[in-house]
Amino acid sequence: MSPDATTQKIILTSSDGVGVPTKREAIERSLLIKDMADDLGDPDQEPIPIKTVTEPIFRKVLDWCEHHRKDYPAFNEDEDADNRKKTTGMEK
């Protein structure tokens, strides 16, 4: 991640067509949105469509992401399963 990635703005578009600019650091709290931004190549050039969420709900999700942006990084399910095995000695 480049040094300016924490201040990079990305536009996310809700299902009702409203574009919501937000900080990349905040959206990285959502693995789904983070993966979509990574897959697009240059998300600051084109908005990321979030087609299943309306703008009022989307703003609440982004508020949560913004509030938790400095928390420990989220990790995906596979990493979570590996970490559980390492700390508990139990296998799935």
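Tutor: Let's start with a definition: axes are lines fitted to C-alpha atoms, and the angles between them run from 0 to 180 degrees between N-to-C directions. Keep in mind that this model is predicted.

Student: How does α3 run relative to β2?

Tutor: Helix α3 lies across β1 and β2, and the angle to β2 is about 5°.

Student: In what order do the strands of the sheet stand?

Tutor: Two strands pair if at least two bridges are found between them. Here three strands make an open sheet with mixed pairing, in the order β2-β1-β3. Strands β2 and β3 are at the edges with a single partner strand each, so one side of each has no neighbour in the sheet.

Student: Which pair is antiparallel, and how many bridges does it have?

Tutor: Strand β1, residues 9-13, runs antiparallel to β2, residues 19-23, and five bridges join them. You can follow the pairing residue by residue: K9 stands opposite K23, and I11 stands opposite P21.

Student: And in which sense do β1 and β3 pair?

Tutor: They pair in the parallel sense, over two bridges, with β3 covering residues 48-49.

Student: Where do side chains point along a strand?

Tutor: In a regular strand, side chains alternate between the two faces of the sheet.

Student: Is H67 buried or exposed?

Tutor: Exposed means over 50% relative accessible area, and buried means under 20%. H67 has 63% relative accessibility, so H67 counts as exposed. This residue belongs to α3, which spans residues 55-67. Look also at A26: its C-alpha atom is 8.0 Å from that of H67, although the two are 41 residues apart along the chain.

Student: Does R29 count as buried or exposed?

Tutor: R29 counts as buried because its relative accessibility is 15%. R29 sits in the loop between α1 (24-27) and α2 (31-40).

Student: What does the side chain of R29 reach?

Tutor: A polar contact is a pair of N or O atoms within 3.5 Å. The R29 side chain reaches the backbone oxygen of H68 at 3.2 Å.

Methods. Residues are numbered from 1 along each chain as its sequence is written. This is a predicted model: local features need pLDDT of at least 70, side-chain atom pairs count only at pLDDT 80 or more; totals for chains, interfaces and linings use all residues. Side-chain values use heavy atoms; hydrogens and water are left out. Helices (H or I, at least four residues) and strands (E, at least two) are DSSP runs, numbered from the N terminus. Buried means under 20% relative accessible area, exposed over 50%, partly exposed in between (1.4 Å probe, protein chains only). A polar contact is a pair of N or O atoms within 3.5 Å; within protein, one must be able to donate a hydrogen and the other to accept it, and residues adjacent in sequence count only if both atoms are side-chain atoms. Contact means heavy atoms within 4.5 Å.
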